[in-house]
Amino acid sequence: MLADILLLLALVYSLKIIIFGIATFNAHYPSNPLFRPTVTIIVAARNEEKNIRRCMESIIRLSYPKELLEVVFVDDRSEDRTGDIVGEYSSHISHIKLLVAIPGTGHLRGKTNAVTQGIEASRGDILLFTDADCCVPVHWVEETIKYYTDPSIGIVAGFTVLQARRWFEAIQTLDWFVLFSVAAATVRLRYPVTAVGNNLSVRRQAYDEVGGYRRIAFSVTEDYALFHAITRGTKHRAVFPLDINALVESEPCENWRVLYQQKKRWFTGGKGMDIKSLLVFSIPYALNVMLLAGLFFAPWRSVLLAATLKFSVDLFLAASSIITFKQWPLLRYFPLFELYYILYVLIFPIIVLFGNTIVWKERTFRNSTGTGTNTEPSA
């Protein structure tokens, strides 16, 4: 009986992932490379002195016309030299502005508060977001905004690659490729699930229609909250193109503790997902549970077959990113990633179920089903 359920789940999961993989490979959309609106890039940074120069240098090299571009860096009350470093650039580059975030009120806390202040101090018709530990490609702006020529498009998400110097970073990169592929596939299949804020953009009109972050309930994953506010609460659509020209590069988590905090924050922020999103993530969870149970209570041939099916379709899903972004060295780490993937998908829902306290950027947040409080210091 257990073997039958395991194989059935493996078949259902494989069919779902094959559909997602095909959708990701076909995540291409009409665009107009001549579209030239005003654009604001917003970067909220807290304690990023070791990364901020690299981010700044990549933004300075952007090819988009400077008269149509402004860059707003928001120093989110850093305790290091982040603000000073940004100030060195903003003092002599006219289209770069430095803001120092003031403490938020109500549900405007942490990064959400900083991003809100950056948006409200900006003028661009299109808002682009990235993180201080990211490096953007030289044509990032035009390769992103070209999808906004259709006025129904309210949000454009993009892929991110991590710098993989060793196996620990490689499994994180593969994890991001799988996550982004699922996100791109669900957008392509017209039931959008999520997007990630280190390569994200929104039409200001769509942002204003939902009332901005001042009207969106607090979440420790503010990018997820904004994405769903726009895709659920307006007539604007999202696109998530598989586009190497808009690929952003980010730093991986440096150790297991930081990776744990990141994963817990993501899982906690996803507590308020709708039923369609729950179905996307509940099937792999159920399969992983059955694989674990099968090790003890099912014939080894059934477990091996189910695991082989899962491995094969997961590789197919990741292949869209590996091929498009020419990340062939990652293939050697895929078996290790698969073990890591199974374990954290099993563990983190349980961790989040019994605890919703998040530590991120030296601040503590509590989040529950899309709402939350913050215990960050007032100064």
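This is a predicted model: local features need pLDDT of at least 70, side-chain atom pairs count only at pLDDT 80 or more; totals for chains, interfaces and linings use all residues.
## The seven-stranded sheet

Seven strands make up an open sheet with mixed pairing, in the order S3-S2-S1-S4-S8-S6-S9. At its edges lie strand S3 (96-100) and strand S9 (237-239), each pairing on one side only. On average, neighbouring strands of this sheet are turned by 20 degrees against each other, direction ignored. Strands (E, at least two residues) and helices (H or I, at least four) are DSSP runs, numbered from the N terminus. Two strands count as paired if DSSP finds at least two bridges between them.

Residues are numbered from 1 along each chain as its sequence is written, and side-chain values use heavy atoms, with hydrogens and water left out.

## Strand S4 and its partners

Let us look at S4. Strand S1 (residues 39-45) and strand S4 (residues 126-131) run parallel and are joined by six bridges. Along this pairing, Val39 stands opposite Ile126, and Ile41 stands opposite Leu128. With strand S8 (residues 200-203), S4 pairs in the antiparallel sense over four bridges; here Leu127 stands opposite Val202.

S4 is mostly covered, with six of its six residues buried. Buried means under 20% relative accessible area, exposed means over 50%, and partly exposed lies in between (1.4 Å probe, protein chains only). Ile126, Leu128 and Thr130 point one way from the strand, and Leu127, Phe129 and Asp131 point the other way. Helix H4 (residues 110-120) lies across S1, S2, S3 and S4, and runs at about 150 degrees to S1. For such angles, axes are lines fitted to C-alpha atoms, for helices over the stretch in contact, and the angles run from 0 to 180 degrees between N-to-C directions.

## The nonpolar core

The largest nonpolar core has 116 residues, and the members touching the most others are Ile41, Ile59, Phe73, Trp140, Val141 and Phe240. Helix H6 (residues 167-188) gives the most to this core, with 13 residues. A nonpolar core is a set of buried Ala, Val, Leu, Ile, Met, Phe, Trp, Tyr and Cys residues joined through side-chain atoms within 4.5 Å.

Ile59 shows what this looks like for one member. Leaving aside neighbours within four places in sequence, Ile59 is in contact (heavy atoms within 4.5 Å) with Ile41, Val43, Val71, Phe73 and Val136.

## Two buried polar residues

Glu70 sits in strand S2 (residues 69-75). Because its relative accessible area is 8%, Glu70 counts as buried. The Glu70 side chain makes a polar contact with the side chain of Thr40 (2.7 Å). A polar contact is a pair of N or O atoms within 3.5 Å; within protein, one must be able to donate a hydrogen and the other to accept it, and residues adjacent in sequence count only if both atoms are side-chain atoms. Not counting residues up to four places away in sequence, Glu70 touches residues including Val39, Ile41, His95, Lys97 and Arg123.

Thr221 lies in the loop between helix H7 (204-209) and helix H8 (222-233). Thr221 counts as buried because its relative accessibility is 5%. Beyond residues up to four places away in sequence, Thr221 touches Arg265, Trp266, Gly269 and Gly270.

## Salt bridges across the chain

The whole structure holds 19 salt bridges. Each is a side-chain nitrogen of Lys or Arg within 4 Å of a carboxyl oxygen of Asp or Glu. One of them joins the side chains of Glu79 and Arg46 (3.7 Å, N to O). This pair links distant parts of the chain, 33 residues apart: Glu79 is in the loop between S2 and helix H3 (82-90), and Arg46 in the loop between S1 and helix H2 (52-60). Glu79 is exposed, at 60% relative accessibility, whereas Arg46 is buried, at 6%.

Arg54 forms a salt bridge with Glu251, with the closest N and O atoms 3.9 Å apart. Arg54 is in helix H2 and Glu251 in the loop between strand S10 (248-250) and helix H9 (256-269), 197 residues apart. Asp243 and Lys146 form another salt bridge, with the closest N and O atoms 3.2 Å apart, and both residues are buried. Salt bridges that share partners also join Arg54, Arg165, Glu249 and Glu251 into one network.
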